[in-house]
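The following exercises concern a single protein model. Please study the sequence and the structure, then work through each solution in order.

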Amino acid sequence: MRAVQVQEYGGPEVLRTVEAEVPEPGPGQVSVDVAYTGVNFADLKARGEGYRVPSLPFVPGLEVSGRVRALGEGVSGVAVGQEVAALTNGGAYADVVVADAATVFPLPPGVDLRTAATLPTVLPTAYALVHAVGRLQPGETVLVQGAAGGVGTAVGQLAKAAGASGVFGVVSGAAKAKYALDHGYDDVFVASSSNSAKLVESVESVESVGFADEVRAATGGRGVDLALDPVGGETFRASLASLAVFGRLVSFGNASSAEPWRVGQPELYPTGLSVSGFSILTLAQTAPGALRALTEKAFAAVAEGVVSLPVTAEFPLEEASEAHRLMGGRTSTGKLLLRVA
């Protein structure tokens, strides 16, 4: 079978298509003939700096859609040939991948394989950020970093459906701002590399000012009830500074590769703030039952038309490096896919 392998850390050029042995499922596992593979920023961090990579060489990729190829011992609930989506622990840039049965999900009615490949990481993450971890209530406001990315696109729609009175996004460019405004956001701020931003009313001639100040200005000085941050570093601090009294911040990544954030009494006590975290990959290992329940709710939201995630670019498996270049260039929106079968 074909697999896209990384033999050394580096840029997109280190992704190489090789011939590999077809993996067989062990006890409690399922193998899947892959139709589509989702591309995530975590894949870029794995390729470039070894994020969650046990050893070299390795095959990146965390989510697929396809058909069940074989069942390991003790697996029930899915059948050979059934169309599924799956969250994997790597290895998804390939013709065949193995996943734990707990993270293999039959497709909801009306969801095709192409759409299904956008779901396993992004939709449960977005659903958790809005509901399970963020606990957004009707009438509250939310600030989302990376509003034009996969998770951000889903969060904007889910937050609106949950009754948010204001959904604010931060993006890295004017074109992304227009995209976010079309996907559930009320106002969008364009941030520069120095974590500054301007509220977008028009996406032309955007200049940069501090986004925490702009968020407070947009909320009449109050700040937001919930801030969602996948960036870390100074962006984490600015998101914390954007919170209203009793506000909540959820960290769900460290795209900046900055030192892990630390926050304590001096930052939290004065206005009763709280900080929490979420990682779908970690949850899959520590609480697969909770992940499954979360994913079923998220998939139902897609089937019911509450949320959709546009596929904005699709590449053949052999052109995985081009998908990484596009995502790494910070110009992509929505979801990127690799077409495998």
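**Exercise 1.** State how many residues the largest nonpolar core has and which of them have the most contacts inside it.

*Solution.* The largest nonpolar core has 57 residues, and L123, V155, L228 and F278 have the most contacts inside it. Such a core is a set of buried Ala, Val, Leu, Ile, Met, Phe, Trp, Tyr and Cys residues joined through side-chain atoms within 4.5 Å; buried means under 20% relative accessible area, with a 1.4 Å probe and protein chains only. Helix α3 (residues 122-132) provides the largest share of this core, 7 residues. A second, separate core has 32 residues, including V30, V39, V84 and F315.

The model is predicted: local features need pLDDT of at least 70, side-chain atom pairs count only at pLDDT 80 or more, and totals for chains, interfaces and linings use all residues. Residues are numbered from 1 along each chain as its sequence is written, and side-chain values use heavy atoms, leaving out hydrogens and water.

**Exercise 2.** Determine whether strand β17 (residues 335-339) is largely enclosed, and identify the strands with which β17 pairs.

*Solution.* Step one: 4 of the 5 residues of β17 are buried, so this strand is largely enclosed by the rest of the structure. Strands are DSSP runs of E with at least two residues, and helices are runs of H or I with at least four, numbered from the N terminus.

Step two: pairing requires at least two DSSP bridges between two strands. Strand β3 (residues 29-39) pairs with β17 in the antiparallel sense over 4 bridges, and Y36 has R339 in β17 as its bridge partner. Strand β16 (residues 311-316) pairs with β17 in the parallel sense over 5 bridges, where F315 stands opposite L338.

Definitions and conventions
Buried means under 20% relative accessible area, exposed over 50%, partly exposed in between (1.4 Å probe, protein chains only).
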